There are 2 protein chains.
Amino acid sequence: MSVAPNSPSHPEMSKFVDISQYMKQLGANARMAAEVLAQASPKIKNLSLHEIAQVIDSQRAAIKSANLKDMTQAKSDGLDAAMLDRLLLCDDRIDAMTEGLRQVAALQDPVGEISEMEYRPSGVQIGKMRVPLGVIGIIYESRPNVTIDAAALCIKSGNASILRGGKEALNSNQAIYDCIKQGLKQAGLSEHSVQVVNTPDRAAVGVMLNMSESIDVIIPRGGKSLIQRISKESAIPVIKHLDGICHVFIDDMADKTKAFDIALNAKTRRYGVCNAMETLLVAASVANNILPDLIDAYVEKGVQLRGCNRSILFNPAKITAASDEDWDTEYLAPILSIKIVDGMDQAIEHIKRHGSHHTDAIVTEDYTKARSFLRRVDSSSVMVNASTAFADGFEYGLGAEIGISTDKLHTRGPVGLKGLTSQKYIVFGDGHIRA
Amino acid sequence: MSVAPNSPSHPEMSKFVDISQYMKQLGANARMAAEVLAQASPKIKNLSLHEIAQVIDSQRAAIKSANLKDMTQAKSDGLDAAMLDRLLLCDDRIDAMTEGLRQVAALQDPVGEISEMEYRPSGVQIGKMRVPLGVIGIIYESRPNVTIDAAALCIKSGNASILRGGKEALNSNQAIYDCIKQGLKQAGLSEHSVQVVNTPDRAAVGVMLNMSESIDVIIPRGGKSLIQRISKESAIPVIKHLDGICHVFIDDMADKTKAFDIALNAKTRRYGVCNAMETLLVAASVANNILPDLIDAYVEKGVQLRGCNRSILFNPAKITAASDEDWDTEYLAPILSIKIVDGMDQAIEHIKRHGSHHTDAIVTEDYTKARSFLRRVDSSSVMVNASTAFADGFEYGLGAEIGISTDKLHTRGPVGLKGLTSQKYIVFGDGHIRA
């Protein structure tokens, strides 16, 4: 474990012998804060979110100046333009942060919700009450706005959080955390309700992933390599998705207009998002009717096309041959692979082999095939006659999302406030005893 | 990894170089079977359960003869009476197994259930469909009837399963598995839908706990040391409970009759079960009114009493002093610890420090305290005016239970068929695209 004593940018580290001791202190703080936060009223939690928003608003200059330090360092370290863009905190992004806080405050509080209270033959009434998970560890890259998103969702769902952002954003995250602490205090909540790891040392992540006694779930946000590393190393359950290799299958019973609109929207609405379509599957019998117009539309939008042998024939000048690797690639870019299949069975087989359990859609007017596709495709979102772009916490009515799960345990698909909670059983009796 | 070639009692092992290769083959088999089982109709799954019941019924002699081998070996190995009793398969227990299969067949099939389909402002309709988890690994001790319980719940919930029972029950489990295989086949399902690990080598468990690629969740059933070891070693998420240190708190606003009935039932209905009360907490102001009768009733039932300083005074002849350790002990025996507390806050504090998040109950007529206790006590079941004995899958209407979870991730409390499933999002559109 490395030591980071008396480092000027994170003075509090000097109190600890090493990273491990420092992280364990955060863990212990979080456990205590979680107990109180789990019982906090919606009023207090919402108040804290509004207070944080207000402090951020009033501390704009400090936040931007801290961000400038990070940006200057990042530029001198030679970070690429995309990374610099993600790191930047301009006024618009600060506005988005405060707006996000207010939106989360406006959401229904999930904690304490009682449901399914039913009388049993014994006479007792049994149902469920929604409870927070406890302490959530969030590990992300150098996008400082994630600090606010994550803090807001965790506070609202009654969970204490330990946030570990990319080291390039250390100053920005600390400036934001100063606002969070002040807002929490103004609302009467412990500043340990949210804690931001205050060291650039990567060893902190390794320690964090083994703090099972003080962290209940880890949510990584960022690129695939980060998420892969975290799920491999973590001794704590991880809520995650690795890839978004999403498919649209145009069935032979598809409506041509719907197929055109959906296939175009799913690819070209935004390229760098996990719910974008990466592979288009088209039933052979309708390819002739549907593909030519679609190919023209993609080309016009500047989308590179890579096809199977059969699809290349539709426009050999514009479609290059897809390699085996293409079917397993999340492009996150204006590139699309196209495959002509004999029918739905082959489409489902392709999705099974190459998909990532994220989002897959069928376009069809056939009732039985729609039903069968929904049941057979093992993805966290399965759609009929809708664009994969709808796979999103806001579109699903979750209000906000902290991530997407392509796993099956605990939660699947976009994860909102309810995904950060569990349910305990509650039992009402009138002196009932069991025979 | 140890090698067990040509061992007479498990001939198929001879095909494999070592335990690791054998276990991985089971894993690969299970993955393939899980895909088919996930799509199987309720009719086929129920048919398989009835067929298995019938085969077991007709193979009674073979099962009992295999069990006799295990019993003889166990006796010569000097197993204690309790273990021998758990290992024994008599006609009554075989009847209970077939009855259990038929009960599970009669339960509602959870797979494919569609719920919460709501229209969103965008016009798409979004909801959830229930899906199996995939492959479930179950590790248990030498109670061969668990083989049938576990297999039945996994088949019904559409999950393939890998079952690893205690080595003392190897012959019994294989005889039962022969019946399962035949029943599955008769219903047209793969015999790999359920697989029983066929080696006494404990190394099999170690391999199993690291097969993340082929097992989605591990459920250990048995004593605390088994479960502790498994949760520590497992690289796969574990659904478990360690202890059942359950409390009943008699509040100063308790109805005396209800308090008496509940406190007596929660302790004395059955002693060796995880939902039995281990510690009785009594508000000081009503102790005088309630404790003397209760103490007499416990003594009459042969329950040993261990008390705090204040409670001993009520019957120094019958109550011995509780040690610090007592408050953290799951007796699973006719022993009860009693503590007098100043009021609800102190009772909740005691439960927080000494409880095991299993089941805790308050007896009170006070509305506000009932509500507060329900919210503040962080246990998988929290009860008002009901005996902790109700914490049970059958009593909760789950039909059957594969275990109890005192954790929060994925599922809490008794785990039935739904606890063995997840939910994916499904989206219905009419050609909808996202703006």
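**Ground rules.** Residues count from 1 along each chain as its sequence is written, and chains are lettered from A and ligands numbered from 1 in the order in which they are written. Because the model is predicted, local features need pLDDT of at least 70 and side-chain atom pairs count only at pLDDT 80 or more, while totals for chains, interfaces and linings use all residues.

**Chain A on its own.** I looked up the secondary structure and got 14 helices and 16 strands (DSSP runs numbered from the N terminus: H or I of at least four residues for helices, E of at least two for strands). The C-alpha trace spans about 75 × 70 × 40 Å along its principal axes. Buried residues make up 53% of chain A (20 or more other C-beta atoms within 10 Å of the residue's own, with C-beta atoms placed from the backbone).

**Where the chains meet.** I found 55 residues from chain A and 55 residues from chain B in the contact (C-beta atoms, placed from the backbone, within 7 Å). On the chain B side, S16(B) gives the largest share, 11 residues.

**Strands across the contact.** Strand S13 (residues 381-386) of chain A pairs with S16(B) in the parallel sense over five bridges (pairing takes at least two DSSP bridges). Within this, I noted A:Val384 opposite B:Phe428.

Definitions and conventions
Two residues are in contact if their C-beta atoms, placed from the backbone, lie within 7 Å. A residue is buried if 20 or more other C-beta atoms lie within 10 Å of its own, exposed if 12 or fewer, and partly exposed in between; C-beta atoms are placed from the backbone.
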